[in-house]
Amino acid sequence: MRIIKRLHDVKEKLIFLTFDDGPDPINTRPLLDVLNLHDVRATFFCTGIRAEKFPDYLLLLKENDHDIANHGYTHRDLRFCQSKVIADEISRTDRVIAEVTGEIPLFFRPPFLRVPILFFLGKPNLRKITVLCSRNGRDYQRDATADNIYSRILPGITPGDIILLHDGGEDRSETIKTLSRIIPELEADGWKFSLLREHLSIPSPE
Ligand SMILES: [Zn+2]
């Protein structure tokens, strides 16, 4: 499976926002309000369990033209798991998401960014791209104030960067505050935000 951390081919001021662990009944909507206010699209890596529990929020993402991606079903660490366990976690999540949105996700992000060892041996054989990140806001840490998240993302930002933040998990008001600041600042400096699916595709099977 192809594994990417950033889009090296991108030369213009283009970056990719991604959000993990949702959908979330408290955070997803206010986060969407900020994104939509600035007409910014993002990729949401959802867990199967939460997609199943909160289908309305999944649909809300889809209706607002954001992209929905796969973050495993239970959010367990898949690094040392067997092929069948990995395939189950991913395909179960695909099914839940497709049931609600009608689309099977193109992208997978392993929980905790821990890539299954078997991926390096080409197993399981899934038609997906694994997406890690090149800038981690680490908004799940205890010291994740809006200022700290900002300083982990912005200085030295590079075309093609993939930014990792969270809409799921716990209270994400600091994440939302950070976004209200970085989006207008970056836009004023000529940066644009895009969807991964507009720049990456999976080759058709032979
Ligand atoms: Zn996660």
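Is the crossing of α3 and α4 right-handed or left-handed? The first view below gives the answer, and the others tour the rest of the model.

This is a predicted model, in which local features need pLDDT of at least 70 and side-chain atom pairs count only at pLDDT 80 or more, while totals for chains, interfaces and linings use all residues. Residues are numbered from 1 along each chain as its sequence is written.

**View 1. Helix α3 meets helix α4.** Here α3 (residues 55–63) packs against α4 (residues 83–101) at an angle of about 65°, and their axes are 9 Å apart. That angle makes α3 roughly perpendicular to α4. The crossing of the two helices, α3 and α4, is right-handed. Pro55, Leu58, Leu59 and Lys62 of α3 make the contact with Ile97, Val100 and Thr101 of α4. By class, the residues of this contact between α3 and α4 are five nonpolar, one polar and one charged.

A few terms for this view and later ones:
- Helices (H or I, at least four residues) and strands (E, at least two) are DSSP runs, numbered from the N terminus.
- Axes are lines fitted to C-alpha atoms, for helices over the stretch in contact, and angles run from 0 to 180 degrees between N-to-C directions.
- Angles under 35 degrees count as roughly parallel, over 145 as roughly antiparallel, 65 to 115 as roughly perpendicular and the rest as oblique.
- A crossing is right-handed if the near helix is turned clockwise from the far one by less than a right angle, and left-handed if anticlockwise.
- Residues are in contact if their C-beta atoms, placed from the backbone, lie within 7 Å.
- Nonpolar covers Ala, Val, Leu, Ile, Met, Phe, Trp, Tyr, Cys and Pro; charged covers Asp, Glu, Lys and Arg; the others, Gly among them, are polar.

**View 2. The two sides of helix α3.** Tyr57, Leu58 and Leu61 of α3 are buried (20 or more other C-beta atoms within 10 Å of a residue's own; exposed means 12 or fewer, and partly exposed is in between). Looking down the axis of α3, the buried residues fall within an arc of 105°, so they line one face of the helix; the arc is that of the directions from the helix axis to the C-beta atoms. Asp56 and Glu63, on the other side of α3, are exposed. The cover over the buried residues of α3 includes α1 (28–37), β3 (43–46), α2 (48–53), β4 (67–70) and α4. Just after α3 comes aspartate 65, with a positive phi of about 65°.

**View 3. Leucine 59 in helix α3.** Leucine 59 lies in α3 and is partly exposed, with 14 other C-beta atoms within 10 Å. Neighbours within four places in sequence aside, leucine 59 is in contact with Val100 and Thr101. Between leucine 59 and threonine 101, which are 42 residues apart along the chain, the C-alpha separation is 6.4 Å.

View 4. Helix α5 (residues 146–153) packs on α6 (residues 173–188) at an angle of about 55°, with the axes 8 Å apart. This makes α5 oblique to α6. The contact joins Ala146, Ile149, Tyr150 and Ile153 of α5 to Glu174, Thr175, Lys177, Thr178, Arg181 and Ile182 of α6. Helix α1 also packs with α6, at an angle of about 5° and with axes 10 Å apart. That makes α1 roughly parallel to α6. Pro30, Leu31 and Val34 of α1 take part, along with Ile176, Leu179, Ser180 and Ile183 of α6. The classes in the contact of α1 with α6 are six nonpolar, one polar and no charged residues.

**View 5. Backbone details in the loops.** Most residues other than glycine have a negative phi, and most peptide bonds are trans. A cis bond joins glycine 22 and proline 23, with omega about 0°, and proline 23 sits in the loop between β2 and α1. Another cis bond runs from lysine 123 to proline 124, with omega near -15°. Histidine 75 is not a glycine, yet has a positive phi of about 65°; this residue, histidine 75, is in the loop between β4 and α4. Histidine 75 is buried, with 20 other C-beta atoms within 10 Å.

Definitions and conventions. Two residues are in contact if their C-beta atoms, placed from the backbone, lie within 7 Å.
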